[in-house]
Amino acid sequence: MAKYIMQRILAMLVTLFIIVTIGFMVIRLMPGGIFDDAVDMSYEQRAALEAKYNLDKPIPVQYAMFLKGLVLEGDWGTSLKMYVNVPVWDVIKTKIPVTLYINFFSLLISLPLGIVLGIVAAIRKNTMTDYLISFLVVIFISVPSFIFATLLQYFVAFKAGLFPIIYDATAVGWDKFYCLTLPILALSLGPIARVTRYLRAELAETINSDFMLLAKTKGLTERQATINHGIRNSMLPLMNIIVPMFTSIMGGSLVIETIFSIPGMGGIMVKSINAPDYTVTLATLIFYSVVSLVTVLIVDLSYGIVDPRVRMGGKK
Amino acid sequence: MEPILSVKDLSVSFNAFAGTVHAVRDVNFDLMKGETLAIVGESGSGKSVTIKAILGILAKNGHIDSGSIMYQGEDMVKYKEKDFYKIRGKRISLVFQDPLSALNPIMKIGKQISEALILSGSIEKSKAKQRAIELMEAVGIPNAAERYEAYPFQFSGGMRQRIVIAIALACNPEILICDEPTTALDVTIQARILELINDMKRERDLSVIFITHDLGVVANIADRVCVMYAGRIVEVGTCEDIFYRPAHPYTWALLSAMPDLHTEETLYAIPGAPPNMLHPPKGDAFAARNKYAMKIDFEKEPPYFKISDTHYAATWLLHPDAPKVEMPDILKHRIARMREEAERG
Amino acid sequence: MAKFYSSDVPEYKVDKEQFEFVQLKGDIADAAFQDKPIGFFKDAMLRFCRSKVSIVAFVGIVVILFMAIFMPMTSRWNYNDQDLNRINLPPKMPVLENVGILDGTRWLTNRRVDSLEDTTRYPEGSILKVINYRKVQGVDMCDIKVDYYKYCGLEDGTYFWMGTDYLGRDLWVRMWRGARVSLAIAFISVVCNVFIGIVYGSIAGYYGGKIDMIMMRITEIIGAFPEIVVVTLFILFFGTGMLSIILCLVVQNWIGTARMIRSQFYRYKGSEYVLAARTLGVKDMALIFRHILPNSIGPIITRAMIAIPGAIFTESFLAYIGLGIRAPESSIGVLLSQGQKIMQQYPNQVFFPAVVISLLMIAFNMLSNGLRDAFDPTQRGA
């Protein structure tokens, strides 16, 4: 078991390293120098700038220095364009919490709501309730999250005035949540629908399986059989979709942040690509990679813990 | 003697996309207390559907068209779900065919056994585990106390079937229905499981309905036998009646088709295939495959002809005016051999 | 009723001749099949057509495709025709304007009452309604409803079905051109994905062993990259534009198809009918193309249909955050992001693209649901 954990962590670190390397290379190898479109400067000035940022050294050396700085000193470099001379870490450290806040809460509400709706839809399969839920599911899965964000912003915030239109960075505590309600909602609708659909399918299939029949024949009522056997067994495969769900939440948050003017990692990343400010871009990429890979790792490991067949090395 | 369970004129059909499938047609049989009744037939003959109807676990598109199932003075056909709840597991139990899919793969088996006990409310949680372990020992699972915490995938096929049997017997039912419990198992394990079922029957004074397509199994454990074809019972009698004095051509065909070591003639195979129950054939359903079919077989369905008090068969061959037909040679020789072996010991 | 024989029952009196044997001598043949066999695709199509939802979705997609292909060609304006005289016009449609919606009118607030007479500001006939008379700081003010087209001095008979944008470009043409661009990107990338996936998966599945292992490792590594990161890097390197986006969509999404094909190969490699065919001397290539791949067509088509809305989504998403197709070219994402900025004043500019993309995605999702159920009714009893 411990060996399994170590293996997965190692794999994750390797992947992370590859990502960072490729990211660094791509950025450095891009056509055009970093200071190409800067104001005219003399040759000496440019050389001096390049020396300061180590841009005159060969790429592998630059990379080694970057890694050394990153791992040993937590130095992510300095911003080149957007906030000149400000360390990148300072730029991003205020943005990370907000992004994590939205993503985390989104995940937190999507799962339980989705599970409940999925169970209800499966139990009342082919009734009006089921059709209604399935209809809503199709709509929420299809329509992109940023459309919902736009709609919510227009109708709920603008017209009805129930929630603030854009995010107020100074809000804290309950106020903060209130301000972020619409973005979180917009982000969650898709994932909720996805979980509902998945769980409904799993539960419907489980209900038809042999061991449910056995449960009934040994004297359990429908309800007891569904709860004790059906639901437990359908929750297990849920692990499979947590990762795609989380990825879509993360991706969605990029746009949502833009729509609601939330100062998060998404906004910074977009700005840094357009600026262009490569050190910041690299930092944001590393951030997203770490979050992604860690989530995958956690899900992988939990699958091993929750499913006894994997845990005890039995054949499936 | 009064039968403990009595099925009368039971008809069951299913709504399929292509039409209505008449799976069970006018089935009658009685189960006496303490006996083992075997129901024999090919796949698709309606054996499983009959018992699913008894327990009220038919698929959603199936329904009982007519008939009655009398148990404990009540007609189970009229039962609602809450009535079945009192019967299933507690009075009538079912042993499934495939133990691997019948057990919940992610629940410990001890819990699966004790669950039936706890939820029926007949015993408290603390005692339930003890009872479950006793039960596991009774069905022959070694190291029962340890194995209580194990999962189904950690057992072999034979052991899993024992667990399923344990679950079925947990609440001390009166009637045990076994739906081809040995079909999914190796031949060597089959014998042990059959032995187990017999032992349990004796110890707990059960009445058993045993469904199978394997006549060899029937010979081992049955007291009485019903032969089913295309949703009807075509012959019923004691084990001896059926094996030594079979009367219906289908029974002849089944008995002739069993391969054994001593057969010298060409192996017999029943030609054709069971009929499509969407359009049940006119007359005797077996007529198309029956070597001894007569014109009347394609016109009218034969009634049950009495051969003895215990033995009935539905074939026009038993009509007093019908030509006398002897069973095929291969069968005669086989029966003679069976008698010899039975006498020898 | 269980009927027992008794000699008194008249029903059971049978004529002698009825007891003649019919087939005592000779072999009994198997009965002929009563139903006609249908081919796999015909069977699937029948099932597909049974679902009304799928048909509606299919029709919807065809309609949108039709519009996307033909509308930009038939309209009198080009997608990039700018005219600052007609910026931000509200939508106006010939028939519906008589019903009161899409009639090209707009409310203007806070107008001075005395300015209403001025025909250079409010051309003849443009003011339709005046309400809310009030005095603000001693000046008479009111709100008015104008026929915006007349207000801008456009000649009668000019119609912009969806209005115009901030540069005076016809939104109807831009909408359908945008749809065309988005759909083109989606289709091309999905086709590439399917093709690469089939080839890759076939090779891995066919050869098995070491080749398979290496190939699968590669897919794992490529797949482990978070999508955002990969997409961003591609955009950085290749810039924005159709080709770049197509590349983005292709780089990771072929993996699912490849895995599926590979597992099909594994399933059928060991299956008996393939074994039998091999024993009879059938060549491997024939096996692949006549047995293994046809069995996979159902899932492949279903996957492709599901992938299309995903591609449209990604493309719009990128355009929205400025990393995708850029102005002046139009795509659904570009329209959305441009419209969203001025949503509060001119909601129609974001409304129409939003509706079109939503309908498109819903239709494709329903279509793929229907296809999945049609090709494999055993899966997911929905």
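**Chains A, B and C of a predicted model**

Of the 316 residues of chain A, 38% count as buried, a residue being buried if 20 or more other C-beta atoms, placed from the backbone, lie within 10 Å of its own, exposed if 12 or fewer do, and partly exposed in between. This is a predicted model, in which local features need pLDDT of at least 70 and side-chain atom pairs count only at pLDDT 80 or more, while totals for chains, interfaces and linings use all residues. Residues are numbered from 1 along each chain as its sequence is written, and chains are lettered from A, with ligands numbered from 1, in the order in which they are written.

**Chain A**

- The secondary structure of chain A consists of 14 helices and zero strands, where helices (H or I, at least four residues) and strands (E, at least two) are DSSP runs numbered from the N terminus.
- Among the contacts in chain A with a separation of 6 or more, 72% link residues 24 or more positions apart, two residues being in contact if their C-beta atoms, placed from the backbone, lie within 7 Å.

**Where chain B meets chain A**

- On the side of chain B, 26 residues are in contact with 23 residues of chain A.
- Helices H2 (81–87), H3 (99–102), H4 (109–119) and H7 (157–169) of chain B each supply at least two residues of the side that touches chain A, and H4(B) gives the most, with three residues.
- By class, this side of chain B has 16 nonpolar, five polar and five charged residues, with Ala, Val, Leu, Ile, Met, Phe, Trp, Tyr, Cys and Pro counted as nonpolar, Asp, Glu, Lys and Arg as charged, and the others, Gly among them, as polar.

**The sheet of chain B**

- Four strands of chain B form an open sheet in the order S2-S1-S4-S5, with antiparallel pairing; two strands pair if DSSP finds at least two bridges between them.
- Strands S2 (19–32) and S5 (74–75) of chain B stand at the edges with a single partner strand each, so one side of each is left without a neighbour in the sheet.
- Strand S1 (residues 3–16) and strand S4 (residues 62–71) of chain B pair in the antiparallel sense over eight bridges, and Ser6(B) has Met70(B) in S4(B) as its bridge partner.

**The hairpin of chain C**

- Strands S2 (residues 127–136) and S3 (residues 139–147) of chain C pair in the antiparallel sense over seven bridges, and Arg134(C) has Met141(C) in S3(C) as its bridge partner.
- Two residues lie between the strands of this hairpin, in which Gln137(C) takes a positive phi near 55 degrees.
- Of the 10 residues of S2(C), the number buried is zero, so S2(C) lies largely in the open.
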